[in-house]
Amino acid sequence: MSTSLSSSKTLPSPSFSSRASRNGKVAPFSNLSVSAVEETLRNAESVIRKWDLNAKTSYTRVTSLFLHDREEAKSFLQSAKDLREAMHFLVASHSGSDKLVLAQSLTQIAMKRLEKELYHILSTNREHLDPESVSRKSSRRSDGSGNGNGTASDDEPEDNVSESTMEDVKSVVDCMISAGYGTECIKIYKLMRKSTVDEGIYRLGIERLKSSQIQKLTWNSRELLIKNWLNAVKVAVQTVFKGERILCDYVFSASGKIGESCFAEITKEAAINLFRIPEIIARIKGSPERIFKLIELYEATYELWPDIESIFKFDSTLDVKLQALSALVKLGNMVQVILSNYEATIQKDSSKILPEGGGIHSLTRSVMEFATSLTKCSSTLSDILMDHPPPGNLNLPESYFNGLSAGDIPMSPVSVRLAWLILGLLCKLDAKAELYKDVSLSYLFLANNLNFIVEEARSTNLKYLLGDEWVATHAEKVRQYAASYEAAAWSKVLSLLPEVAADGGSPVLSPKAAGACLQRFGAAFEEEYRKQMSWTVPDGKLRDEIKVSIERKLVPAYRQFCERCLGIARGDAEVERKLVRFGADDLGNYLPDLFHGTAVSG
């Protein structure tokens, strides 16, 4: 058979360009004509050789085809597609033709050019292919804003540029893959887009750190790392990775498998590194206060989980989802461990150092600060506690749950856990109260500390988690402790006054006995007064309530006794002197000085 096709006699047919564009389909090879093939080759050669990288013209070697003339770029792409169809025809009908060799040569020239164009578009248009631009374009297309509604926004020109750039990339990719140059095309695409994604993540403050490097960081440096991560993760997932997914889906819409593979290789390493960081931080031991950072990390990851599942839904990106899930599990487990260890630390506290004057114990302050801080993240903590129950049952007394539930509504895991935490503190305070040698001071200590707990609960979100009834029940217990203090501290003093009979009568006293009674009472009161001057009740309201209660018991009884003594000891200078020195009004004037923690001298 002759290698020339000019002698072939077939009816004329439309050009390849018009055939290829008709309804987006290409006519069967059998409908082609030799003359159409030859015409196609001539037209394609004129366009393709002009942009040959090895051409003598320096202008076309250094200039971007798409930047030079978009219409010519479209013509170049169409010529490459027409070459493919011509080659199919020649292989099927004239496999020995020199025209087939020409078509193959032109195709190689075209593909070399498109490789360079793809690299150029991806490298010089990063600002138009950055994930934020791609995500914004996608959102605008989905909500119908910006185009076709008669209005224009400030960022519409930028979106248009982004859209045209995406179309350029897609047209080159489609052309190269259909011509059998998918390997070369995908290699360039992966290389450039992975670089863009990695740079985007780095600009967000996320570096590639080994586990050992993170573990060696000081707490301040680790806090800065956590802060950067929390600021970056939402943007990384919802902008960087989502934008890259949108771009891959668009560019490789003709081949989902290729797009899936590209997306996985472009984002997988950066995404896994991103979600490794909270898992590594979760494994590092430290103070209980780190629980709050772990809860923040958990909350940020948990809130993004639907996006993570959607963006990384492919089998090839399963490792990303597994890493994010592993981070959630490790964070949740560590939160549970920290809580359990903190509770154990309370029970193991063996310090015998007590606050002077029965004041607020440092353990009370630290535990309540810890508990109230936990309430600020109660919603996330509740999710964690539901998914990561404690190793053993929290066997709280049934009466202790009063106020923690409403009807048949079960108690939240956070409410139960905080109630358990505070119960552990109360038990430890009972044990510490026994270290005081003075029984009355031990009761004052318990009143002070429980009152502090109640006021902290009443003035913070603990009130809503523990309930009004819990607060009321423990406030009543504060009053009971205060009453026990009064009985232990002042009953002996009060007992030194002769009892008044029910009918108003009282035992007859001689002036000498009355004087001795006054002396004993005065000495006993002064002893308690001097001792309790160094005691403290930090809460002003509780302090006033206790002093008023003491005054109501002591002053009227002493005043009545003094009036009796005046009747008994008329003319007795010694008794009158004692009454003048220490009258009922003097007694009332002494009491306001109590519970300020200031010792008396002189």
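A salt bridge is a side-chain nitrogen of Lys or Arg within 4 Å of a carboxyl oxygen of Asp or Glu. This is a predicted model. The structure holds 29 salt bridges. Side chains of opposite charge can pair when their charged atoms come close.

**Helix 5**
- Lysine 74 and glutamate 71 join their side chains in a salt bridge, with N to O at 3.8 Å.
- Both residues lie in helix 5, which covers residues 70-93.
- Lysine 74 and glutamate 71 are three residues apart, or about one turn of the helix.
- Glutamate 71 counts as exposed because its relative accessibility is 53%, and the cut-off for exposed is over 50%.

**Helix 9**
- Aspartate 174 pairs with lysine 170 in a salt bridge. Their closest N and O atoms are 3.2 Å apart.
- The two residues sit four apart in helix 9 (residues 156-178), so about one helical turn separates them.
- Lysine 170 has a relative accessible area of 16%, so this residue is buried, which means under 20%.
- Aspartate 174 is partly exposed, at 25% relative accessibility.

**Helix 19**
- Arginine 458 and glutamate 455 meet through their side chains in a salt bridge of 2.5 Å, N to O.
- Helix 19 (residues 439-458) holds both residues. They are three residues apart, about one turn of the helix.
- Arginine 458 counts as partly exposed at 38% relative accessibility.
- Glutamate 455 is partly exposed too, with a relative accessible area of 29%.

**A network**
- Salt bridges also link Lys194, Asp198, Arg208 and Glu269 in a network.

Key:
Residues numbered from 1 in each chain as written. Predicted model: local features only at pLDDT ≥ 70, side-chain atom pairs only at ≥ 80, totals over all residues. Heavy atoms only, no water. Buried < 20%, exposed > 50% of the residue type's maximum accessible area, 1.4 Å probe, protein only.
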